[in-house]
Amino acid sequence: MTIEVVPTGAALGAEIRGVDLSQPLGDNVFALIERAFDEHGVIFFRDQKITPPQQVAFTRQFGEIDYNIFGERWSVDGNPEIVVVSNVAEDGKPIGVKRAGENWHSDMCYTPRPPRGTMLYAHEIPTLHDLPLGDTEFASAAAAWDALPASMRDFLAGRRATFDFVGRKRAFPPTQMEIDRNPPVTHPIVRTHPKTGRKCLYVMRDDCSGIDGLESDEAEALIAALADHVVKPAFIYRHQWRPGDLLMWDNCTVQHRAIQDYDLPQRRLMHRTTMGGAVPV
Ligand code: SIN
C-alpha cells in the first residue's frame, strides 16, 4: 500500500496513511515516519489495532523508553512502560491518571533530559450525541519562534530559564519523594531541534520560575508574554480523537494541553508511552 503524509493545514501536524502499526515496519517505512515526525511535530495514524507490547515496540524504534512518574501509580499490567490516562474508575479506584496535562506544557520539561516525544493510543473517546469530546491541542513553538521580531530574538539569545517541578498544577499533588527527585533545572529558552536544526521557544507559564540574569518581575512578565505567544491561534492544531488513533508529538518543538470538556459517564481511555530524550541545546 502507498504511504501518504497528509499535513493538517495548521502550523503543525500530519496524518500518516497506509501504515499498519501492528505489523513490523521496514527500515524505509520507519525512516519515512521518523522524518515526518521530526518535520511536522505531531503525526497521527487512524484506525490502528495494536496491543500494549506493539505500542511499546513501536515507541522503542525511536530510542529508549522514558518512564513517566505516573507509570509508578498507573501502568498497564505487564507493561510498566505504558501509562494509563483515563477518567474511568473501577471499584471506586481510578484506573489511570485523570485530568492529565490540562494546562499548556511540554512533557517532563522539569527534568535534565526531557523526553524526545510522547505517544498516545486512543482506546475510548468520550462523546456527547456522537460529538467527540476530550480533544488535545498542540502548539508549534517553532512557528512561534519564527514569528518573533528580530529584537526579541536577539534579547533571548543564550538565555536560560529555570524549570521547577513544583510549579505545575497537577490533578494529584506530587509526593515529597517526587519533589526531592526533581530539583529545579535550567534549559535554554531557545531550543534547537536535534534532527532538523529548527529553533523553537521553550517556555511554559506553570513550569518556568525564573530567567537567568533577570529580576523576578521582569522574568515573570517575559515568561508570561512568551508562553502566551506560543499558544496563539495561528500556531495551533486541535486533534479530534477517534478510537484507534495513535498520535505522537515532539516535546522540543511542540507544547500541548488536554481539553477537559467531559466527565463520567463519558469515558476516555488512552495508553501513553514516552521516548527518551537528550539534554536540550
Ligand atoms: C498529556 O498531557 O500527556 C495528556 C494529553 C491528553 O490526554 O490529551
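What percentage of the 281 residues in the chain is made up of buried residues? Buried residues account for 53% of the 281 residues, where buried means under 20% relative accessible area, exposed means over 50%, and partly exposed lies in between, with a 1.4 Å probe and only protein chains considered.

The structure is a predicted model, in which local features need pLDDT of at least 70 and side-chain atom pairs count only at pLDDT 80 or more, while totals for chains, interfaces and linings use all residues. Residues are numbered from 1 along each chain as its sequence is written, and side-chain values use heavy atoms, with hydrogens and water left out.

## The chain as a whole

The chain contains six helices and 21 strands, these being DSSP runs numbered from the N terminus, with helices (H or I) of at least four residues and strands (E) of at least two. The radius of gyration of the chain is 18 Å, close to the 19 Å that the globule rule gives for 281 residues, so the chain is as compact as a globular protein of that length. That radius is taken over C-alpha atoms, and the globule rule is 2.2 Å times the number of residues to the power 0.38. Along its principal axes, the C-alpha trace spans about 50 × 45 × 40 Å.

## The surroundings of the ligand

The ligand is surrounded by V85, A100, G101, H105, L120, T136, W249, H256, A258, R268 and R272, a residue being near a molecule or strand if one of its heavy atoms lies within 4 Å of it. By class, this shell has five nonpolar, four polar and two charged residues. In that scheme Ala, Val, Leu, Ile, Met, Phe, Trp, Tyr, Cys and Pro count as nonpolar, Asp, Glu, Lys and Arg as charged, and the others, Gly among them, as polar.

| Side chain | Ligand atom | Distance |
|---|---|---|
| T136, polar atom | oxygen | 2.5 Å |
| R268, polar atom | oxygen | 2.8 Å |
| R272, N or O atom | oxygen | 2.3 Å |

Taken alone, the ligand exposes 260 Å², and the protein buries 99% of that.

## The loop between β3 and α2

The loop between β3 (42–45) and α2 (52–60) holds Q48, and D47 and K49 lie in this loop as well. Q48 is buried, with a relative accessible area of 5%, whereas D47 counts as exposed at 59% relative accessibility and K49 is exposed with a relative accessible area of 71%.

A polar atom of the Q48 side chain lies 2.9 Å from the backbone oxygen of V19. Apart from neighbours within four places in sequence, Q48 is in contact with V19, D20, L21, S22, Y121 and G244, while K49, with its own such neighbours left aside, is in contact with S22, Q54 and Y121. The C-alpha atoms of K49 and H123 are separated by 9.4 Å, although these residues are 74 residues apart along the chain.

Leaving aside neighbours within four places in sequence, V56 is in contact with I65, N79, E81 and I82. V56 and M119 are 63 residues apart in sequence and 9.8 Å apart in space, C-alpha to C-alpha.

## Backbone details

D47 has a positive phi of about 55° although D47 is not a glycine. D91, also not a glycine, has a positive phi of about 50°; D91 lies in the loop between β7 (89–90) and β8 (93–94) and counts as exposed at 82% relative accessibility. The peptide bond from L264 to P265 is cis, with omega near 15°, and P265 is placed in the loop between β20 (254–258) and β21 (269–275).

Conventions. Polar contact = N/O pair within 3.5 Å; in protein donor to acceptor, adjacent residues only side chain to side chain. Areas by Shrake-Rupley, 256 points an atom, 1.4 Å probe, with all protein chains shown as cover. Contact = heavy atoms within 4.5 Å.
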